[in-house]
Amino acid sequence: MNKKSVFLGIESSCDETAAAIVARDADGRGEILADVVLSQLEEHAAFGGVVPEIAARAHVEATDRLIAEALEQSGVSLSELDGIAATIGPGLIGGLIVGAMSGKAMAYAANKPFYGVNHLEGHALTARLTNGVKFPFLMLLVSGGHTQIVLVKGVGQYERWGTTIDDALGEAFDKTAKLLGLGYPGGPQVEAAAKAGDPKRIPLPRPMKGEARLDFSFSGLKTAVRQAAQNLAPLGEQDVADLCAAFQLAVAETLRDRVGRSLARFKAEGFAAENRPALVVAGGVAANSAIRAVLTSLCESQGFAFVAPPFRLCTDNAVMIAWAGLERAAAGFSADGFEVPVRSRWPLDAKATALIGSGRKGAKA
């Protein structure tokens with residue numbers, strides 16, 4: 001790859017259908033040529049969460065149109081692409097099939113290399129596109145489906161240091177919002193209500209705070225919110241605001257403890273060669289201002305740079321998938337064969353063992 005390379009990216013792992021065209025030059029600098037995302041929020045709002053069958057049908061209806069729109073926006077033709085990348089896991093299997101088959105079909109028809117991308121790798125590498133972050137760095141991924149701390153040594157080189165043993169953090173936000181009668185998605189609703197609340201009025205636990213292991217647990221915190229709500233019933237507007245503020249503070253302080261211990265380990269194991277090594281925060285929950293403020297303060301006190309890609313690139317998008325494909329190609333990874341399968345669960349760290357928690361979803365990727 002001694003010239004500027006251009007990839008099409010396709011993302012369909014959950015409830016956003018997305019297509020993007022991204023370029024990368026030989027020095028590792030990237031440029032977003034087109035970025036198209038279609039949210040399915042309205043389709044799922046009435047159910048308080050994502051319905052897999054509805055999501056898959058929506059991807060079928062939108063994928064071809066969004067790919068065509070991305071190509072038109074970028075001014076790049078199919079024949080001018082250097083490769084096509086699509087998310088093949090982890091995620092909802094129906095949506096993954098739609099995106100992967102679309103990418104494979106186009107790659108086959110145009111005789112282009114196809115790269116099947118791990119959705120989590122897309123999140124991990126985005127900060128290299130937006131902020132030029134150098135390896136190694138630490139990533140905190142906080143989304144609706146994942147809560148992980150990952151050491152990113154290089155493309156394809158990941159060590160999972162911590163993960164949730166039950167609910168993902170975004171899931172906990174959604175369930176808390178639903179419990180309190182707020183809308184979907186829960187993260188923005190809880191944050192908005194918390195602005196009028198007293199975070200100290202209602203005591204809530206800080207799950208796993210102080211433990212040496214770097215894992216997370218949010219099921220107990222969610223239960224504590226439900227019990228507090230039952231004790232206060234019937235809930236007034238101020239009660240809801242106070243519960244949201246208390247929940248948000250508990251989450252922020254829990255993350256400060258978990259991430260703080262991870263930063264200390266990063267230093268102790270000799271990875272902090274840079275004057276200001278980076279903590280990269282990705283995923284939809286990274287948009288929460290209270291969490292960002294706590295983590296920014298933590299990084300400043302520990303000599304780390306706090307890096308969070310723009311919000312539109314923190315949530316699910318195809319830019320990160322195209323970029324991950326470009327990074328893999330530049331690092332010398334071979335393209336995938338058309339027989340490469342989609343995977344509903346796909347750990348970023350292949351050596352990491354799945355943890356079984358008390359939550360309904362059990363083993364986490």
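User: Two strands pair if DSSP finds at least two bridges between them. The model is predicted. In what order do the five strands of the open sheet stand?

Analyst: The pairing in this open sheet is mixed. Strand 8 (157-163) and strand 10 (305-307) stand at the edges, so one side of each has no neighbour in the sheet. Neighbouring strands are turned by 25° against each other on average, direction ignored. The order is 8-7-6-9-10.

User: Which residue of strand 10 is the bridge partner of V280?

Analyst: Strand 9 (residues 278-282) and strand 10 run parallel, joined by three bridges. In strand 10, V280 has as its bridge partner V307.

User: What angle does the direction of helix 4 make with that of strand 6?

Analyst: Helix 4 (residues 119-130) packs on the sheet. The strands it touches are strand 6, strand 7 (147-154), strand 8, strand 9 and strand 10. Its direction and that of strand 6 make an angle of about 130°.

User: Is V142 buried or exposed?

Analyst: V142 is found in strand 6 (residues 137-142). Beyond its neighbours within four places in sequence, V142 is in contact with T147, L169, V281, A282, G283, G284, V285 and A286. Buried means under 20% relative accessible area. V142 has 1%, so V142 counts as buried.

User: What is the relative accessible area of G187?

Analyst: The unreviewed UniProt entry annotates a "binding site" that includes V142, D174 and G187. G187 lies in helix 6 (residues 186-194). Not counting residues up to four places away in sequence, G187 touches F173 and D174. G187 is partly exposed, because its relative accessible area is 21%.

User: At which residue does helix 2 bend?

Analyst: Helix 2 (residues 52-74) has 23 residues. Its first and last C-alpha are 31 Å apart, close to the 33 Å expected. The bend is about 40°, at A62.

User: How far apart are the end C-alpha atoms of helix 11?

Analyst: Helix 11 (residues 319-330) has twelve residues. At 1.5 Å a residue, they should span 16 Å. The end C-alpha atoms agree with that, so their distance is 16 Å.

User: How many residues of helix 11 are buried?

Analyst: Helix 11 is mostly covered. Among its buried residues are W323, E327 and R328.

User: How many residues of strand 2 are buried?

Analyst: In a regular strand the side chains alternate between the two faces of the sheet. In strand 2 (residues 16-24), E16, A18, A20, V22 and R24 are on one side, and T17, A19, I21 and A23 are on the other. Both faces are covered. Of the nine residues of strand 2, the buried number is nine.

User: Which residue of strand 2 stands opposite G9?

Analyst: Strand 1 (residues 5-11) pairs with strand 2 in the antiparallel sense, over seven bridges. A hairpin of four residues joins the two. Opposite G9 stands A20.

User: Which residue in the turn between strand 2 and strand 3 has a positive phi of about 90°?

Analyst: Strand 2 and strand 3 (residues 30-39) are antiparallel, with nine bridges. A23 stands opposite E31 in strand 3. Five residues lie between the two strands of this hairpin. The residue with that positive phi is G28.

Technical notes: Residues are numbered from 1 along each chain as its sequence is written. This is a predicted model: local features need pLDDT of at least 70, side-chain atom pairs count only at pLDDT 80 or more; totals for chains, interfaces and linings use all residues. Side-chain values use heavy atoms; hydrogens and water are left out. UniProt positions are given in the numbering used here, feature names are shortened, and annotations may be inferred rather than shown by experiment. Buried means under 20% relative accessible area, exposed over 50%, partly exposed in between (1.4 Å probe, protein chains only). Contact means heavy atoms within 4.5 Å. Axes are lines fitted to C-alpha atoms, for helices over the stretch in contact, and angles run from 0 to 180 degrees between N-to-C directions. The expected span of a helix is 1.5 Å times one less than its number of residues. The bend at a residue is the angle between axes fitted to the seven residues ending there and the seven starting there.
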